[in-house]
Amino acid sequence: MAGLRAFLAVASLSLFAASSPGRAQTPPTENIQIGLSTDHVSITAGFSGADLTIFGSLENANPLVARQGRYDVIVVLEGPARPVVVRRKDRVLGVWINLESETFENVPVSYSVATTRPLQDVTDPNSYKQLSLGAANIYMQPADDGDSPATIQEFTAALRDRKSATGLYSENVGGVRFLSQNLFRATVRLAPNVPVGTHKARAFLFKGGLFIKESSAQLEIRKSGFEQSIFRVAHDYSFLYGFFAVLLAMLTGWLGRLIFRKD
């Protein structure tokens, strides 16, 4: 009986040993990492826009998949979220006035995208919706849920169009380039009117159209020099800033009257 137990124990160990190589040979899951050369960007009054470079790498990448070009990367630089009011003007008695408006909460002020290929060639639209990836898939939360869906949709489309027209929402197809099988470089656009604050860089890895992993990093954009001093005073001492702004306007008007008055 003892010999039977020993045989069964050895047989069990043999089966476990036979199955272990199969598990050890399971390829590890791919991962993605990104890094920024700096954690902050300083802009001045003469800032006219710039390209921000983000470097990244793939971990445990399959060489065959990489050679076949079946890895895709989408990099997003998303600005701070703030409330936004969208107004619609209509002509009444020959005068354009604001008749309707819609307020949206927590809207990214800026949203720049860089991709290896056109978005429609990377994955299907449902995947973008699930990931809230792309300017068209950002959820704009209306402050008043009682408005009709048609009205909300109309103002949402107008908000996206306005952001795109001012360069705050942009898309750079081909802005992500692989430097090797594992390393890539992404270029995202900073608009001239890019907002100050904490921006979030996010990288999405796709393999054969399937989402695999996501990585993120933070970037601080701030004003520098004299503009930063004014910006800080306006936020920390808003009453004094408003008082001096009104005083300066009155003084400028008074000087203008003296210089350009007709005797």
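Visitor: How many helices and strands are there in the protein chain?

Guide: This is a predicted model, where local features need pLDDT of at least 70, side-chain atom pairs count only at pLDDT 80 or more, and totals for chains, interfaces and linings use all residues. Residues are numbered from 1 along each chain as its sequence is written, and side-chain values use heavy atoms, with hydrogens and water left out. Helices (H or I, at least four residues) and strands (E, at least two) are DSSP runs, numbered from the N terminus. On that basis the protein chain has seven helices and 13 strands.

Visitor: Which residue in β7 stands opposite Leu 77?

Guide: Strand β4 (residues 71-78) and strand β7 (residues 111-115) run antiparallel and are joined by five bridges. The residue in β7 opposite Leu 77 is Ser 112.

Visitor: How many residues apart in sequence are the parts tied together by Lys 207 and Glu 30?

Guide: The two form a salt bridge (a side-chain nitrogen of Lys or Arg within 4 Å of a carboxyl oxygen of Asp or Glu), with the closest N and O atoms 2.9 Å apart. Lys 207 lies in strand β12 (residues 197-207) and Glu 30 in the loop between α1 (2-24) and β1 (31-35), so the parts they tie together are apart in sequence by 177 residues.

Visitor: Is Glu 30 buried or exposed?

Guide: Buried means under 20% relative accessible area, exposed over 50%, and partly exposed in between (1.4 Å probe, protein chains only). Lys 207, at 28%, counts as partly exposed. Glu 30 has 7% relative accessibility, so Glu 30 counts as buried.

Visitor: Which residues do salt bridges that share partners join into one network?

Guide: Arg 202 meets Glu 78 in a salt bridge at 3.6 Å, N to O. Arg 202 also meets Glu 214 in a salt bridge, at 2.9 Å, N to O. The pair of Arg 202 in strand β12 and Glu 214 in strand β13 (residues 210-223) links distant parts of the chain, twelve residues apart. The network joins Glu 78, Arg 202 and Glu 214.

Conventions. Pairing = 2+ DSSP bridges.
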